[in-house]
Amino acid sequence: GEHMTGYAGWTMGWDSGFGNDFGGSTFLGGLSTELTEDINLIWATTFGDRGFGADTYMQSVVADVALTDSANYIFQTDWQQTNFGAGNEDAYGINQYLIKTLNDCWAVGTRMEWFRDDSGTFIGNGPGSYWDWTLGANYTGPRGVVNRIEGRYDWFDGDGRPYAQNTKRSQFSVGWSSYFTF
């Protein structure tokens with residue numbers, strides 16, 4: 001339709017790349033709509049046999065809000081349920097982004113994320129919540145070359161120690177990446 005787009009596809013399971021090592025078969029699809037001139041809403045889902053006999057359902061709901069001509073707020077929530085054979089396991093989270101475009105070359109942003117692993121089986125460090133806060137900047141140069149740098153602080157509020165080879169409950173990291181757009 002004029003303000004709505006549908007998506008549909010198929011994947012060979014979960015995290016399988018170009019092979020189908022675990023025998024998975026999942027649907028991938030969703031809908032996006034322009035609620036207003038400044039608000040877009042997306043619902044995306046995947047479900048089916050994720051491979052190795054585990055049935056799964058996951059959905060994301062994303063709201064992209066243009067606050068001004070140069071500032072965007074993005075809210076995303078995810079929920080996943082997988083049956084690994086011993087019952088359903090749930091994981092869910094919220095991601096929030098604030099992005100400010102400074103000019104044709106520069107943009108800055110921040111992200112706050114929360115991910116809850118109720119059973120401890122999705123990440124493997126026991127039940128708990130994973131948090132991260134990130135600050136970053138993007139520079140888009142000539143010919144679509146994008147350089148991105150970010151600083152990120154992660155922490156876990158469960159009993160496990162998921163960082164630094166399972167010795168710490170928190171960590172700070174700095175990352176840099178470059179990619180080409182065409």
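Q: Which residue is the bridge partner of Y57 in strand 5?
A: Q81 is the partner of Y57. Keep in mind that this is a predicted model.

Q: How many bridges join strand 4 to strand 5, and do they run parallel or antiparallel?
A: Strand 4 covers residues 55-66 and strand 5 covers residues 71-83. Twelve bridges join them, and the two run antiparallel.

Q: How many residues lie between strand 4 and strand 5 in the hairpin?
A: Four residues separate the two strands of this hairpin.

Q: What does Q81 stand opposite in strand 6?
A: D90 faces Q81 there. Strand 6 spans residues 88-101 and pairs with strand 5 over 13 bridges, again in the antiparallel sense.

Q: How should I think about side chains along a strand?
A: In a regular strand, they alternate between the two faces of the sheet.

Q: Now the surface. Which residues form the nonpolar patch?
A: The patch consists of I149, Y153, F172, V174 and W176. Together they have about 600 Å² of accessible area.

Q: Which strands each supply at least two residues of the nonpolar patch?
A: Strand 9 (145-156) and strand 10 (170-180) do. Strand 10 gives the largest share, three residues.

Q: Why does Y153 count as partly exposed?
A: Partly exposed lies between the buried limit, under 20%, and the exposed limit, over 50%. Y153 has 35% relative accessibility, so it counts as partly exposed. Y153 sits in strand 9.

Notes. Residues numbered from 1 in each chain as written. Predicted model: local features only at pLDDT ≥ 70, side-chain atom pairs only at ≥ 80, totals over all residues. Heavy atoms only, no water. Patch = residues over 30% accessible without salt bridge, like charges linked within 9 Å, V, L, I, M, F, W, Y side chains within 5 Å. Areas by Shrake-Rupley, 256 points an atom, 1.4 Å probe, with all protein chains shown as cover. Salt bridge = Lys/Arg side-chain N within 4 Å of Asp/Glu carboxyl O. Buried < 20%, exposed > 50% of the residue type's maximum accessible area, 1.4 Å probe, protein only. Pairing = 2+ DSSP bridges.
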